[in-house]
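This report describes one protein chain for a reader who is new to structural analysis. Please look at the sequence and the model before reading on.

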Amino acid sequence: MRYIRYAYLGVIAIALISVSLANRGLVELKLMPTAFAEFLGYNFRIELPLFVVVLGGIAVGLIIGFIIEWLREHKHRREADLKAREAKKLSREVNRLKKQKHEGKDEVLAILDEAS
């Protein structure tokens, strides 16, 4: 399975490299539309290779998606944490009650009583 995963990652890497090499032309990115920029008198511009824009857009989209998913799952993580704390509390209480029940008894009889 590990080799299949490496082969799959290799194919993806080759595809990304070939797309990057095929799209090396420069594109101009503008912060605002031309008409609005003329009204304000300023427009931020940057020239980047097309593959940087495409791969950067994919990376930003993945990061935003991960953050949104992490925030969406917050209530589930909180609930699991509360359940774990409650289970630990109940386990301590059961152990305390077992000790109280078998207090003053012979250890062997307490073990046999606990097993049944």
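## Charge

The protein chain carries 19 positive and 14 negative side chains, and 3 Å separates the centres of the two sets. In this count Lys and Arg are positive and Asp and Glu negative, while His and the chain ends are not counted. Each charge is placed at NZ of Lys, CZ of Arg, CG of Asp or CD of Glu.

## Basis of the model

The model is predicted: local features need pLDDT of at least 70, side-chain atom pairs count only at pLDDT 80 or more, and totals for chains, interfaces and linings use all residues. Residues are numbered from 1 along each chain as its sequence is written, and side-chain values use heavy atoms, leaving out hydrogens and water.

## Fold and dimensions

Five helices and two strands occur in the protein chain, in the order α-β-α-β-α-α-α along the sequence. Helices (H or I, at least four residues) and strands (E, at least two) are DSSP runs, numbered from the N terminus.

The radius of gyration of the protein chain is 31 Å, whereas a compact globule of 116 residues would have one near 13 Å. This radius is taken over C-alpha atoms, and the globule rule is 2.2 Å times the number of residues to the power 0.38. Along the principal axes, the C-alpha atoms fill a box of roughly 90 × 45 × 15 Å.

## Surface and burial

Of the 116 residues in the protein chain, 5% are buried. Buried means under 20% relative accessible area, exposed over 50%, and partly exposed in between (1.4 Å probe, protein chains only).

S20 belongs to helix α1 (residues 2-22). This residue is buried because its relative accessible area is 13%. Apart from its neighbours within four places in sequence, S20 is in contact (heavy atoms within 4.5 Å) with F51 and L55.

V52 is part of helix α3 (residues 50-72). V52 counts as partly exposed, because its relative accessibility is 35%. Although V52 and E28 are 24 residues apart along the chain, their C-alpha atoms are separated by 12 Å.

## Annotated regions

An unreviewed UniProt entry lists residues 46-68 as "transmembrane region". That span is 83% helix and 17% strand, with its end C-alpha atoms 28 Å apart. UniProt positions follow the numbering used here, feature names are shortened, and annotations may be inferred rather than shown by experiment.

For residues 45-95, UniProt (unreviewed entry) lists "domain: Lipopolysaccharide assembly protein A". Here the chain is 88% helix and 10% strand, and 68 Å lies between the end C-alpha atoms.
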